[in-house]
Amino acid sequence: MAGGPSRNWRRGFTLALATAVLWGVLPIALKVVLEGMDAYTIVWWRFAAAMAALGAYLAARGALPRIRGAGRGAVALIAVATVTLIGNYVLYLVALDHTTPSVTQVVIQLAPLMLLVGGVVVFRERFVPAQWAGFAVLGAGLLLFFNERLPLLLQPTRGLGLGVALTVAAGVSWAVYGLAQKRLHDHFDAQQVLWMIYVGAVALMLPASRPAAIMDLDGMQLGMLAFCCFNTVAAYGAFGEALTHWDMSRVSAVLATAPLFTIGGMWAVEHAGLRLVPAEGLNGASIVGALMVVAGSMVCALVRR
């Protein structure tokens, strides 16, 4: 909206919560698809579906972006944003192949904090003391979350240690993407930036992917892939719409609850006997650690300037 957020907090909260739920259950669906398709092809299909859906939406509004005239700086930023978002998607999926949905979703909470730190360096934004306190709570929560598995983190070349290392790398990649996208808002709106990134990503990832592998998926895997593609479009759409009705800090705080929906989804899958993904076996300390990670991330978001 041209006049800024409408302050319709109920709608903003509902849309932000919908985004958190979608992002929370996404790694569970991705884990199922990984059993029948490689990470590069999954990411290609997600980008391709999002490109088609968002392109149709922008075309219907007559809002397809025009790069000509934007300048070399904007083109370079689009390239950076495309490469780093690809890196985020691929690294996250490869990490998920080495660990569990709850682990990747908890660790990826570092990404928004990396974006905040990047804002301090690039845009000279302030990082106030309360945010440092939130960062400390998040760090302590991560240690508690991994309580019985801390020795495994010292082996970053295999298993859980490799999965966590790749998730951290995915978070760094997402933070760089976020900084590049923020700069691009001087030339294009958020949906136009995403569509250009999707177009570039589909072209760049085609040589490394095997789109025809979709024919090898069973019914469950195909359904989960369709959900992942829908999730890419719906979650970002709900997120963007939430920002038109509510403040960024409050939306970010709600999004920080995504790991809780991942843990809850894993619990539901396990107790329903669906056997879609291996059980995680989190103990009480791990649950408390996850709550601390969410709380720390929420504090950092709510006190940001």
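Guide: One term before we start: helices here are DSSP runs of H or I, at least four residues long, numbered from the N terminus. Also, this is a predicted model.

Visitor: Fine. Where is glutamine 155 found?
Guide: Glutamine 155 sits in a loop, the one between helix H7 (150-153) and helix H8 (159-184).

Visitor: Is glutamine 155 buried, exposed or partly exposed?
Guide: Partly exposed. Its relative accessible area is 31%. Buried means under 20% and exposed means over 50%, so glutamine 155 falls in between.

Visitor: What is glutamine 155 in contact with, leaving aside neighbours within four places in sequence?
Guide: Gly161 and Leu162.

Visitor: Which side chain does arginine 158 make a polar contact with?
Guide: That of glutamine 155, at 3.1 Å. Arginine 158 is placed in the loop between H7 and H8.

Visitor: Is arginine 158 buried or exposed?
Guide: Exposed, at 53% relative accessibility. The cut-off for exposed is over 50%, which is why arginine 158 counts as such.

Visitor: How far apart in space are arginine 158 and valine 94?
Guide: 12 Å, C-alpha to C-alpha. In sequence, arginine 158 and valine 94 are 64 residues apart.

Visitor: Switching to helix packing. What do you need to describe a pair?
Guide: Two packed helices are described by the angle between their axes and the distance between the axes.

Visitor: OK, at what angle do H1 and H12 pack?
Guide: About 50°. The axes of H1 (residues 9-33) and H12 (residues 258-271) are 7 Å apart. That angle makes H1 oblique to H12.

Visitor: Is the crossing right-handed or left-handed?
Guide: H1 passes H12 in a right-handed crossing.

Visitor: Which residues meet there?
Guide: From H1: Leu17, Ala20, Val21, Gly24, Val25, Pro27 and Ile28. From H12: Ala258, Phe261, Thr262, Gly265 and Met266. By class, the contact of H1 with H12 has 9 nonpolar, 3 polar and no charged residues.

Visitor: Thr262 is in that list. Is threonine 262 buried or exposed?
Guide: Buried. The relative accessible area of threonine 262 is 0%. The limit for buried is under 20%, so threonine 262 qualifies.

Visitor: What does the side chain of threonine 262 reach?
Guide: The backbone oxygen of glycine 24, at 2.5 Å. Gly24 is one of the H1 residues that meet H12.

Visitor: Which residues is threonine 262 in contact with, leaving aside neighbours within four places?
Guide: Gly24, Pro27, Ile28, Pro101, Ser102 and Gln105.

Visitor: H12 again. Is histidine 271 buried or exposed?
Guide: Exposed. Histidine 271 has 53% relative accessibility. This residue is found in helix H12. Histidine 271 and tyrosine 40 are 31 Å apart in space, C-alpha to C-alpha, and 231 residues apart in sequence.

Visitor: Back to H1. How does H1 pack with H3?
Guide: At about 70°, with the axes 10 Å apart; H3 covers residues 72-98. That makes H1 roughly perpendicular to H3.

Visitor: What makes the contact?
Guide: Pro27, Leu30 and Lys31 of H1, with Tyr92, Leu93, Leu96 and Asp97 of H3. The residues divide into 5 nonpolar, no polar and 2 charged.

Visitor: New pair. At what angle do H2 and H10 pack?
Guide: About 50°, with the axes 8 Å apart. H2 and H10 are therefore oblique to each other. Their crossing is right-handed.

Visitor: Which residues of H2 and H10 meet?
Guide: Ile42, Trp45, Arg46, Ala49, Ala50 and Ala53 in H2. In H10, they meet Leu225, Cys228, Cys229, Thr232 and Val233. That contact has 9 nonpolar, 1 polar and 1 charged residues.

Visitor: Last one. Where does histidine 245 lie?
Guide: In helix H10, which covers residues 219-245. Histidine 245 counts as buried, at 3% relative accessibility.

Visitor: Which side chain joins that of histidine 245 in a polar contact?
Guide: Glutamate 241, at 3.1 Å.

How values were computed. Residues numbered from 1 in each chain as written. Predicted model: local features only at pLDDT ≥ 70, side-chain atom pairs only at ≥ 80, totals over all residues. Heavy atoms only, no water. Axes fitted to C-alpha atoms, helices over the stretch in contact; angles between N-to-C directions. Helix = DSSP H or I, 4+ residues; strand = E, 2+ residues; numbered from the N terminus. Parallel < 35°, antiparallel > 145°, perpendicular 65-115°, else oblique. Left-handed = near helix turned anticlockwise from the far one by under 90°. Contact = heavy atoms within 4.5 Å. Nonpolar A, V, L, I, M, F, W, Y, C, P; charged D, E, K, R; others polar. Buried < 20%, exposed > 50% of the residue type's maximum accessible area, 1.4 Å probe, protein only. Polar contact = N/O pair within 3.5 Å; in protein donor to acceptor, adjacent residues only side chain to side chain.
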